[in-house]
Amino acid sequence: MLGYIIRRVVQSVLVLLVVGLVAFSMFRFVGDPVDNMLGQERTQADIDRLRADLGLDQPFVVQYWRFLQGAVEGNFGVSYRQGRPVADIIAERAPATLELAAVSGLLAISLGIILGVYTAIRREGWASHLIMTLSLVGVSLPTFLIGILLIYVFSVELDLLPSFGRGETVMVGNWSTGFLTASGWQALILPSITLGLYQMTLIMRLVRAEMLEVLRQDYVKFARARGLSERVVNFRHALKNTLVPVITVTGLQLGSIIAFAIITETVFQWPGVGLLFINAIQFVDIPVMAAYLMLISVMFVAINLIVDLLYVAVDPRLRTDEGRT
Amino acid sequence: MKPLGMAAIAALMCSAASAETFTWAGTTDPQTMDPHAVNSAPVLGFLNNVYEGLVRRGKDMTIEPALATSWEVIGDGEGWRFTLREGVTFHDGALFDAEDVVFSYERASSEPADVKGWFAPVAEVVKVDDYTVDVMTASPNPIFPDSIANWMIMDSGWAETNNATLPDKDNGNFATLNANGTGAFMVQDRQPGLETTLVPYEGWWGEVEHNITQATFKPIQNPATAVAALLSGDVDMINPVPIQDASRLSSSDGVQVIQGIEARVIMLGFAHDAETLKYGTGEGDPNPFADVRVRQAVAQAVNVPAILQTIMRGNAEPASQLVSPAMRGFSATQDARPDYDVAAAKALLAEAGYPDGFGFGLKCPNDRYLNDEAVCQAVVSMLAQVGITAELDAMPVRNYWPELREDNFDMYLLGWSPGTFDHEHPVRFLASTPNEEKKLGSWNFGGYSNARIDELLPMIQSEIDDAKRQAMIDEVTALYQGDHAYVTMYVQPLVWGTGSNINLTQRPDNFFILRWVTVN
């Protein structure tokens, strides 16, 4: 067991290092930051000097090595665009993304499960057919379009909700939260629907499929034969048994909610790390891009590692395999 | 209710009605509040509301007094004497005087300052008395007052107290996040990348035209989001409005579109000094663009009015030279573009030895200028009509400049906005033979060279007499037009959107001046 864990951790670190290497080899295709940093009056000498100062004249492997050296000490460098430490900038922007991800995650899970159960139980009802058809929209429409559509309907036409931004925020320690003001909550509604819609339809379809499978099982028939109420059969016996795969998928989706917040944040001008990353690409702000990519890959690797370890805990067969080798 | 109470409520309501908050959105957040650290339009444009220079630009771009009340040439052009305005205070209450001007010169011309290039002609700045300053130049400099409208004055005491005597672009200092100018507005709150709030400065020396009590700038990158924010009333003004949305916005209720032309001229450039073509089917063949007849053929094959009508939706003006008519030194005698004439273009190509045309590569940015890639596509199809086949390679601007610096082009698209708003500027950067040492021709990627222009430029730079200077500029213009050094196509439009209750003035440099805004 311990050997398995150690091997998985070592593998995860390797994955991280490779992600970083690939990222750094790509940065020179993103463009050259020096033109953005120097004005119209720049000379070739200025360009060469700045490139040398930033270490951009070095091969990417050397740049990567320098980044790793700093990263080990918790120093991710200074943003080219903002002239401030990258760690500070990310810490400042992270609450916006995490709050948005939390709300859309909750929305996706609760609505997804409720609608999934409903469409499984009333399989032939017209409401179920409607929900299933609409869920196709959620799966197939790009996030970008959904966001613009929601803005158009709820901000421009109905004038109910703000079209962009985070509303008023309150500082709780170092954490800026939008949960404590009315305008903060209003501003959360459209972006969290936009971000959570895909995950919601995914969870809903998954719950529905699992429920239909479970409802066919013998123990459900027995439960019915015992004269239990439909409610108890559906929720105590059937739903409980569908949740194992749902929880696994949801856990993995949590990572993608944070990572794919980039598009939602761009559409709604949401001041999170995703918007920061987009701006960094436009400005070729390499320290910010590198830190963001590493952060996201650490998150994914960590989630996968935890899931793998949970499997070991749950599934005894993995442990016996380990014993044999 | 007692009459007295009624009166009090009425008074309260009045004051509430006259409290005008204003919110505007642009694509780029100013990187810093330090007026000397970064030489970029978003920073200088924003800080023009907070800091002031010795001179400033009026609604029509003319130079007018600001912190200096008057200025005159010293002797035969050894420098300029500025008489400073008395009784001006900075936002923190400190008095403005000659010390601050000398200090701001030293700060803005220091090594870490991005704007130090403005002071290349300056030998020294001397305090004569508390309200007189002499700026000595190495050689006579007729346009010096014109070139310093964005040189903003900072309080020497404030900078020393807060350890910000030099700009620090890389790591930032107190002046990066805080501002203390003499301008009509003070920075009340600054959250980089989120919003910046300004309030009027009660002690401002000038006459107040605006009725704003609080103004907030918010960056919105996505154009569709900005348009929605304007339509829903979340913001009062957006810059820019996407060209394709302009007509839709102007027909919507509650909003209006304000159009003008910018200072930026969009043009095609050629590889003048290349031996061979580098792209397309003609790769490796001798470079046809070295021949002036081929360049003229390109100029006559490009149908600029059609581009303006279709791609720019009638929002831009054709350009005959490297500057727009709003700029100083515009050559009125040379205000004619080559006619659009396919037959003439074909004849010129045949004469130059290319009766069957040739193939080459056109480089183009796709996120730098308004509809830049679409314009390049139109140029490609227009050139095809005279038999020359361009292979279009469009890319983001962050990749584009490195390619041009590496000479990886046969023909390219360029936009130029003269930083000094004077014709001398593009002549120095685009039409002079590249010379690293003298800082000439640093954006002349194609290596265009005309000995007479190189000879005339220093004379233009030091000619104090305006008529003689203009005559030389006219000569230079005729030379680069005759050489078809660039195909100048059009002046890029400015398209802003505002609520219909907003009055403002749009300046050709795309600076948004808050003190000209009234909210009705």
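A: Two residues are in contact if their C-beta atoms, placed from the backbone, lie within 7 Å. In chain B, residues 24 or more positions apart account for 69% of the contacts with a separation of 6 or more. The model is a predicted one, in which local features need pLDDT of at least 70, side-chain atom pairs count only at pLDDT 80 or more, and totals for chains, interfaces and linings use all residues. Residues are numbered from 1 along each chain as its sequence is written, while chains are lettered from A and ligands numbered from 1 in the order in which they are written.

Chain B contains 16 helices and 19 strands; helices (H or I, at least four residues) and strands (E, at least two) are DSSP runs, numbered from the N terminus. Its radius of gyration, taken over C-alpha atoms, is 25 Å, close to the 24 Å that the globule rule (2.2 Å times the number of residues to the power 0.38) gives for 520 residues, so chain B is as compact as a globular protein of that length. Along the principal axes, the C-alpha atoms of chain B fill a box of roughly 90 × 60 × 45 Å.

Of the 520 residues in chain B, 49% are buried. A residue is buried if 20 or more other C-beta atoms lie within 10 Å of its own, exposed if 12 or fewer, and partly exposed in between. A nonpolar core is a set of buried Ala, Val, Leu, Ile, Met, Phe, Trp, Tyr and Cys residues joined through C-beta atoms within 7 Å. The largest such core has 204 residues, and B:Ile238 and B:Met489 have the most contacts inside it. Beyond its neighbours within four places in sequence, B:Met489 is in contact with residues including B:Ile266, B:Leu268, B:Val304 and B:Ala319.

Several strands can also be followed in detail. Two strands pair if DSSP finds at least two bridges between them. Strand β4 (residues 68-74) of chain B and strand β5 (residues 79-84) of chain B pair in the antiparallel sense over six bridges, and B:Ala68 has B:Leu84 as its bridge partner in β5(B). Four residues lie between the strands of this hairpin, where B:Gly75 takes a positive phi near 55°. β5(B) also pairs with strand β7 (residues 132-137) of chain B, in the antiparallel sense over five bridges; there, the bridge partner of B:Gly79 is B:Met136.
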